[in-house]
Amino acid sequence: MSAPQDSVPSNGADLNESFDQLKLNDEPRLGPDGEPAPKTDEEYAQTQMTLRAIVSSKEAGVIIGKAGKNVADLRDETGVKAGVSKVVPGVYDRVLTITGGCEAISKAYAKVASALMEGAPAMGMGGVVAANGTHPIKLLISHNQMGTVIGRQGLKIKHIQDVSGVRMVAQKEMLPQSTERVVEVQGTPEGIQRATWEICKCLVDDWQRGQGTVLYNPVERAPYGGSSRVTRTGNGADFSNGGPRQYNRRSDSDAAQRGPPTHDENGEEIQTQNISIPADMVGCIIGRAGSKISEIRKTSGARISIAKAPHDDTGERMFTIMGSAKANETALYLLYENLEAEKMRRQELQQSGQVSA
């Protein structure tokens, strides 16, 4: 008796063709630079992104060097684009912007830390350099991406500290007129390089949540009740070509992923931005019977929807903003103006309570 043979259905060719089509339609997840998302260290090393940091005016002088020599050397030695925001009288903070592959960025920040350690005494920055030869780097991280850097129950940030030997402190509050927070990384240049590498990988993996970030600009600290102008979300970089396009901005590849773009009545493309709001602040944003959020919608012209439930373990609620670039920017400005005003109100109440007690 002959061995039984597997029967091949008459539509086998059709099934193979269907599988081929499924494979074609199963496009790989894209990374921040529009290329397939990285999976290996070699791929992460080449993934293009931007990482910014706050520096003092004196530190900026060390980084730039005489006639721009130091920052030019930094670019040549690491292959990054690097620049420091311009000097503004009366403004202490400046922003260092570094763009390149993850590996190049981490090397660049190590060189920055080394330069600051060497230049601190000469620049009169006493107390900045610790006795054990470490230096702090104040990285700017999108509030929406902070959870990825910290990890569940702080496991990720603990891992980064363990493998690099640095000390990391994540500020709880967002910087004024922005959706960025500071992560201070204190360590040796070698430790800062390893920690920055790990942080870059986190940000690359979670790049989509970084879209729509309102970048911190030290110059733009409009007082409450003052000018109602819209705060620009520029990165303050000192590049001759107008600065790098950060990956949290809408890229050319985004349009293809979203399908055919939609436009408002003025012909401007409608963009979508997501921001997380602390659960205990949602009420002050919405207002009584929705009065505040309605006013923000009316003033900005953007559509704003609010998630009914928290989107992760932090308990934060996701606000989705849809409109033209200008409408979204206005909406973001008004949302964070309300947040900052509420924080100030609560601080004043707390202080008055302590005084009366």
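Which residue just after helix 4 takes a positive phi? I looked this up in a predicted model. The residue is Gly79, with a phi of about 80 degrees.

**Helix 4**

I then went back along helix 4, residues 69-78, to see what is buried there. I noted Val71, Leu74 and Thr78 as its buried residues. They sit on the same side of helix 4, because the arc they cover around the axis is only 50 degrees. On the other side I found Asp76 and Glu77, both exposed. I next checked what covers the buried residues of helix 4. The cover includes helix 3 (57-64), strand 2 (81-84) and helix 5 (102-119).

I looked up an open sheet of 3 strands and wrote down its order as 7-9-8, with antiparallel pairing. Strand 7 (271-277) and strand 8 (303-306) are the edges; each has a single partner strand, so one side of each has no neighbour in the sheet. From one strand to the next, I have the twist averaging 20 degrees.

For the pairing of strand 8 with strand 9 (residues 317-323), I recorded 4 bridges in the antiparallel sense. Opposite Ser305 I found Thr320, in strand 9.

**Rings**

How many aromatic pairs does the structure hold? I have 0 in my notes. I did find a charge over a ring: the charged end of Lys201 sits over the ring of Tyr44. I noted 5.7 Å from that charged end to the centre of the Tyr44 ring.

Notes
Residues are numbered from 1 along each chain as its sequence is written. This is a predicted model: local features need pLDDT of at least 70, side-chain atom pairs count only at pLDDT 80 or more; totals for chains, interfaces and linings use all residues. Side-chain values use heavy atoms; hydrogens and water are left out. Rings of Phe, Tyr and Trp (its six-membered ring) pair if their centres lie within 6.5 Å; planes under 30 degrees apart count as stacked, over 60 as edge-to-face and the rest as tilted. A charge sits over a ring if NZ of Lys or CZ of Arg is within 6 Å of the ring centre and within 35 degrees of the ring normal. Two strands pair if DSSP finds at least two bridges between them. Helices (H or I, at least four residues) and strands (E, at least two) are DSSP runs, numbered from the N terminus. Axes are lines fitted to C-alpha atoms, for helices over the stretch in contact, and angles run from 0 to 180 degrees between N-to-C directions. Buried means under 20% relative accessible area, exposed over 50%, partly exposed in between (1.4 Å probe, protein chains only). The arc is that of the directions from the helix axis to the C-beta atoms. Contact means heavy atoms within 4.5 Å.
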